[in-house]
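Please read the following report alongside the sequence and the coordinates.

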Amino acid sequence: MEQEAICKDVQTDIEGVKTFVFECKKKLKYMPGQFITLVLPTEDGDILRSYTLSSAPNHTSVFSITVRAVPYGTGSNWLHNNLQPGMPIFFSGAYGKFIPAEYEDNKLLLMAAGSGITPHLATLRHWRNQAKKVNAHLIFSVRSPSQIIEQQELLALVRQINGLTLTIIPEDVTGQAWHGVSGRIDPLWLNAMVRNVHERVVFVCGPAPYMRAIKEYLMSIDFDLTRYHEEAFISPMPISHQQVSTNTPTYSVNFIKSGVKATTSGNESLLELAEKAGVAVKNACRSGICGACRTLKKEGHVNMQDLGGILPDEVNQGMVLLCCSQPTSDVVLDI
Ligand SMILES: Cc1cc2nc3c(=O)[nH]c(=O)nc-3n(C[C@H](O)[C@H](O)[C@H](O)COP(=O)(O)OP(=O)(O)OC[C@H]3O[C@@H](n4cnc5c(N)ncnc54)[C@H](O)[C@@H]3O)c2cc1C
Ligand code: FES
């Protein structure tokens, strides 16, 4: 369900990156690494964008997100240019399954590039607050030393968290003082830098090509991919739907509030069916991540393959994510 938060503070971390602090009426329950989905009232109407909670869970109703302004990006630039302390904003969540803290008793390898540091920042702040002893190595790739988000705090966190190792790797250090490793991250370095890679649970967050390179390296050394987790900050491609044979039964889907009925053989998502039938559904990621298309299912059964965008309580109440659900019977939806 959407709830209102008031923007309390806006801080500029580095050029192009701002942290927005919010307060809502009741305490927000979340795990470090989870995200919320904001409703942004842009000139072209409301749009939905997901942002990781960069704050650690605490006993208050105050939380923060850290946002990079993407060139030509509608939502991130709306936030940077418009959101001021005192303004209200609506959001839903927290959502997501990218939670390194759930594996904190294991040896961990945390990897991030650019704004992909936000889930790890929340995790490290949580470990510091909880005085956790961990065995974790964080490798943070940035374009240049001036692009290190929360550099001073990261350096302090390494001193404060027992068992944390930090390696920051700027790609380009031209004209800037830098004494550590630099350049584009290379699998050979990884091998040399990280001890016992095979024993670690790996959490990677960053641009798609970066994550692909890391995953390919891990596959090349026969890493057990059940220990690999990633969070994509890009808008993912629509999910591929199961192919169905021609004798698949036809199901009826009743969008009761819209007064529209449609039929489907079940080889498309309920979101795609709604759009074809002219029923407007809020959506953003179209992949079961952000929770935007959450709808109450009043009758029937669906096959839902979400990626963490719905809470167990919501599923128990009969909610489904239309973008990643296909009907397996006649269905009645409260939309
Ligand atoms: C689970 C999750 C967590 C996330 N957490 C964070 C976070 O903590 N911090 C963060 O900064 N981001 C985060 N993101 C990313 C965020 O949700 C947005 O995708 C991001 O801010 C870009 O949104 P936007 O509306 O600004 O860009 P969009 O308008 O959606 O544009 C997307 C891309 O298209 C390009 N584009 C758009 N219009 C044009 C045009 N006219 N010409 C050329 N190119 C164009 C943009 O350059 C951009 O690369 C997260 C995403 C997910 C799914
Ligand atoms: S559109 Fe994001 S979960 Fe459906």
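## Helix 2 and the residue after it

Ala131, which follows helix 2, has a positive phi near 50 degrees; helices here are DSSP runs of H or I with at least four residues, strands are runs of E with at least two, and both are numbered from the N terminus. The model is predicted, so that local features need pLDDT of at least 70 and side-chain atom pairs count only at pLDDT 80 or more, whereas totals for chains, interfaces and linings use all residues. Residues are numbered from 1 along each chain as its sequence is written, while chains are lettered from A and ligands numbered from 1 in the order in which they are written.

Helix 2 covers residues 118-130, and its 13 residues should span 18 Å at 1.5 Å a residue, which agrees with the 18 Å between its end C-alpha atoms; the expected span is 1.5 Å times one less than the number of residues. Because 10 of its 13 residues are buried, helix 2 is largely enclosed by the rest of the structure. A residue is called buried if 20 or more other C-beta atoms lie within 10 Å of its own, exposed if 12 or fewer do, and partly exposed in between, with C-beta atoms placed from the backbone. Among the buried residues of helix 2 are Thr118, His120, Arg125, His126 and Trp127.

## Domains and the parallel sheet

The protein chain is divided into domain 1 (3-94), domain 2 (100-232) and domain 3 (251-333), with bounds that come from an automatic or database domain assignment. The centres of domain 2 and domain 3, taken over C-alpha atoms, are separated by 36 Å.

An open sheet of 5 strands has the order 9-8-7-10-11 with parallel pairing, where two strands pair if DSSP finds at least two bridges between them. Its edge strands, each pairing on one side only, are strand 9 (162-170) and strand 11 (228-232). From one strand to the next the twist averages 15 degrees, with axes fitted as lines to C-alpha atoms (for helices over the stretch in contact) and angles running from 0 to 180 degrees between N-to-C directions. Strand 10 (residues 200-206) is joined to strand 11 by 5 bridges in the parallel sense, and Cys205 stands opposite Glu231 in strand 11.

## Antiparallel pairing around strand 1

Strand 1 (residues 3-14) pairs with strand 2 (residues 17-24) in the antiparallel sense over 8 bridges, and Val10 stands opposite Phe20 in strand 2. These two strands form a hairpin with 2 residues between them, and Gly16 in the turn has a positive phi of about 85 degrees.

Strand 1 also pairs with strand 6 (residues 88-95), again in the antiparallel sense, over 4 bridges; Phe90 in strand 6 is the bridge partner of Glu4. Ala94 lies in strand 6, and a cis peptide bond with omega of about 20 degrees joins Gly93 and Ala94.

Strand 12 runs antiparallel to strand 13 (residues 260-264), to which 5 bridges join it, and Ser252 stands opposite Thr263 in strand 13. The hairpin formed by strand 12 and strand 13 has 4 residues between the strands, and Gly259 in its turn has a positive phi of about 70 degrees. With strand 18 (residues 331-333), strand 12 pairs in the parallel sense over 3 bridges, and Phe255 stands opposite Leu333 there.

## Positive phi outside glycine

Tyr72, although not a glycine, has a positive phi of about 65 degrees and is found in the loop between strand 5 and helix 1. Tyr72 is exposed, with 7 other C-beta atoms within 10 Å.

Asp222, another residue other than glycine, has a positive phi near 60 degrees and is found in the loop between helix 5 (208-220) and strand 11. Asp222 is exposed, with 8 other C-beta atoms within 10 Å.

## The shell around ligand 1

Of the 25 residues around ligand 1, Thr52, Gly73, Gly75, Ser76 and Thr118 come nearest, a residue being near if its C-beta atom, placed from the backbone, lies within 6 Å of the molecule. Strand 4 (45-52), strand 5 (62-68) and helix 1 (74-82) each supply at least two residues of this shell, which draws at least three residues from each of domain 1 and domain 2.

By class, the shell has 10 nonpolar, 12 polar and 3 charged residues; Ala, Val, Leu, Ile, Met, Phe, Trp, Tyr, Cys and Pro count as nonpolar, Asp, Glu, Lys and Arg as charged, and the others, Gly among them, as polar.
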